[in-house]
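Subject: Structure for you to look at

Hello,

Here is the structure I said I would pass on. Please open it first and read the notes below with it on screen.

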Amino acid sequence: MPQPGDPNPPRLSTEDAFLELLTDTLETMERPARGQFLERFFKSIAHVDLNETQSLDIWEQVLARKRELSESAGKKIVLQAALVEVLASSNLLRLPILMEYEDLRKLQINATTDPLTGLYNRRFFDDYFEKELNRSIRYSHRLALVVFDLHHFKEVNDRFGHPQGDVVLQMLATTLRKSMRTSDYAFRHGGDEFALLLPQSDTEQATAMSRRLRAAFAAAIEPMHLGFPLVLDYGLAVYPDDGEKQDVLFKVADERLYQLKKTAQPPVEPPTGPAGTRPAATAEKPPPPPIAPAAEIPPTPDVEKPASERRRWERVSLAGTRAYALIGEGVERTARVLDLGYGGVAFETARPEELEEAFFAVLHVPILPPVRVNLLRVYLGPGSAGGSRVGCSFVI
């Protein structure tokens, strides 16, 4: 144990060294100036309101107690020990707490993150949104806000239970983390509502990101075989195009989310089995709802082809829309989608010879999410402007 006068006394921590220096400095100050400083000092470390006289009195008690403890222990006692003891015995430090750094770090993490998904929580979203918006205003950068929710998420909890619903939320959080840039931030806003902040992103970039997230989440939950369409809906707003205030941008994004939810999603069929269980599979899956009534959009005339290749279901023309397909993997080729039905799709491409008999594509059709499909080529016919019309059936 080190003794007084030891040539190698223990090295003081930064905090203790600062307090020792503070003690020496205060001794050189006039009493009024010392009292004013100590008044602010006790306010900052103990959150107590003392006047100058009270502050000077408490300080004298601390110095006296420090001398007593040092004499009793036979070694120099740091000022912090005396400071805490005097404040606590004077009922000024009502809840003295000693906390390790790791415990403090965990407390900070828990205060800013959602325990289920590990994403930042709503409180941190409000704070960070304000800071990022101010930064975008200062440097004239765009800032995109995207809000998400899961359409028909309640059906997951009702049919399979809340533990399965938690799994779905965790899968969505994982999808968000994998798709973000290092400069982006993801948040769980509450329930099945999530948000992204995308600094220096415009409407086109935010839309592309949202569509990729939609497709990635659909692929992630496909093995779960939920039996109903659980779709990731989104709405976005961009500073300064859609507003310059936090509440305005959030309102615009939320309204666009509602519009997409209202116009793009088919109804969920009620379960036929017992409550809380998955509906029993039927022998023949009924076709999905049509994209549009046949009376509003006339079907595209069929190209003459063998009877064995004729369509089982009518298709809906997508002429005049921006519907397209990305064909292949790695080096993708784009083709214009001509029509779409329950059993297949037709598109136009300038290089049909590059297509194999069986291939896959990602269909991008207005008001529908991107859909990855496996296709089997069934006929080839003339197209427009030198292109070729390719008819394909879906491979289930």
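What follows is a short account of what was found, going from the whole chain to a few residues.

Please keep in mind that this is a predicted model.

The whole chain

The chain has 396 residues, and 38% of them count as buried. Its secondary structure consists of 10 helices and 11 strands. If you take the contacts with a separation of 6 or more, 57% are between residues 24 or more positions apart.

A charged patch

Which residues form a negative surface patch? They are Asp-24, Glu-27, Asp-57 and Glu-60. Two elements, α1 (14–27) and α3 (52–73), each give two or more residues to this patch.

One member of the patch, Glu-27, is found in helix α1. Glu-27 has a relative accessibility of 48%, so it counts as partly exposed; to be called exposed, a residue needs over 50%.

A residue in helix α3

Helix α3 also holds Ser-70. Is Ser-70 buried or exposed? Ser-70 is buried, because its relative accessible area is 17% and the cut-off for buried is under 20%. Leaving aside residues up to four places away in sequence, Ser-70 touches Lys-75, Lys-76 and Ile-77.

Regards

Terms used: Residues numbered from 1 in each chain as written. Predicted model: local features only at pLDDT ≥ 70, side-chain atom pairs only at ≥ 80, totals over all residues. Heavy atoms only, no water. Patch = residues over 30% accessible without salt bridge, like charges linked within 9 Å, V, L, I, M, F, W, Y side chains within 5 Å. Areas by Shrake-Rupley, 256 points an atom, 1.4 Å probe, with all protein chains shown as cover. Salt bridge = Lys/Arg side-chain N within 4 Å of Asp/Glu carboxyl O. Lys, Arg positive; Asp, Glu negative; His and termini not counted. Charge placed at Lys NZ, Arg CZ, Asp CG, Glu CD. Helix = DSSP H or I, 4+ residues; strand = E, 2+ residues; numbered from the N terminus. Buried < 20%, exposed > 50% of the residue type's maximum accessible area, 1.4 Å probe, protein only. Contact = heavy atoms within 4.5 Å.
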